[in-house]
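Work through the exercises below with the model open. Each task is followed by its solution.

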Amino acid sequence: ANHAGLLTEGSEFQRLADFMMVANMPYVAAETVTKAIDDKKIEPDLRTWEGLANSWIAAREYRKAIPILQRAGDMSDNGNNLLRLGEVNVQLSEWDAAAQALEAALNKGGLRDSAYAQLMLGISLFNQDKLREAKTWFERASNSQSQRNTARGYIQLIDSKLN
């Protein structure tokens, strides 16, 4: 239908991209949505940007997901998209960018798991050799039962490096 030019509405392109994701074709889904946005067939909203970012991430096209996640993070009333942006930057070992995104996520608030964001921020700072600052974030994350063991492991590692 798309190749024959039968799709005209933004919702049709969105539905096609959703089907492509279900069919494990995230790259094609992302390309479809990107082209529809470029051709002004889709007026992107927060849901569109989040779906597009998820498609690029599923396709392991992390660098393409970065500006999309930033846009979604700016539009959202919580920090969850900025947390995802931090995770993508961690995946790319872009530690400074990860730390900035994670701090922005924590500052924006409304996170599903603040302790996880604190842990990830600690890891980002640790990998920049900012050990004292990282330790502060690991200590905060260690207050959460789900992040406690990992955070304490990093705290012990930092203590051994600082002594």
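**Exercise 1. Two loop residues**

In which loop is N24 found?

Solution. The model is predicted. Start with the helices: N24 is found in the loop between α1 (10–22) and α2 (26–38). Next, check the backbone. Phi of N24 is near 60 degrees, a positive value in a residue other than glycine. Then check the surface. N24 has a relative accessible area of 65%. Exposed means over 50%, so N24 is exposed.

Where does D129 lie, and is D129 buried or exposed?

Solution. D129 lies in the loop between α7 (114–126) and α8 (131–141). Phi of D129 is near 65 degrees, again positive in a residue other than glycine. The relative accessible area is 58%, so D129 is exposed.

**Exercise 2. The faces of α2**

Determine the span of α2 and where its buried residues fall.

Solution. Take the length first. α2 has 13 residues. From first C-alpha to last, α2 reaches 18 Å, close to the 18 Å expected at 1.5 Å a residue. Now list the buried positions of α2: P26, A29, A30, T32, V33, A36 and I37. Look down the axis of α2: these buried residues fall within an arc of 160 degrees, so they line one face of the helix. Finish past the helix end: just after α2, K40 takes a positive phi of about 60 degrees.

**Exercise 3. Packing of α3 and α4**

At what angle do α3 and α4 pack, and which residues make the contact?

Solution. Helix α3 covers residues 46–58 and helix α4 covers residues 62–75. They pack at an angle of about 155 degrees, with axes 8 Å apart. Angles over 145 degrees count as roughly antiparallel, so α3 is roughly antiparallel to α4. The crossing is left-handed. From α3, the contact uses L46, W49, E50, L52, A53, W56 and I57. From α4, the partners are Y62, K64, A65, I68, L69, R71, A72 and M75.

**Exercise 4. The surroundings of α6**

Which helices do the buried residues of α6 pack against?

Solution. Identify the buried residues of α6: A98, A99, A101, L102, A105 and L106. Follow their contacts: they pack against α5 (80–91), α7 and α8. Last, step past the end of α6: G109 takes a positive phi of about 80 degrees.

Key
Residues numbered from 1 in each chain as written. Predicted model: local features only at pLDDT ≥ 70, side-chain atom pairs only at ≥ 80, totals over all residues. Heavy atoms only, no water. Helix = DSSP H or I, 4+ residues; strand = E, 2+ residues; numbered from the N terminus. Buried < 20%, exposed > 50% of the residue type's maximum accessible area, 1.4 Å probe, protein only. Expected span 1.5 Å × (residues − 1). Arc of directions from axis to C-beta. Axes fitted to C-alpha atoms, helices over the stretch in contact; angles between N-to-C directions. Parallel < 35°, antiparallel > 145°, perpendicular 65-115°, else oblique. Left-handed = near helix turned anticlockwise from the far one by under 90°. Contact = heavy atoms within 4.5 Å.
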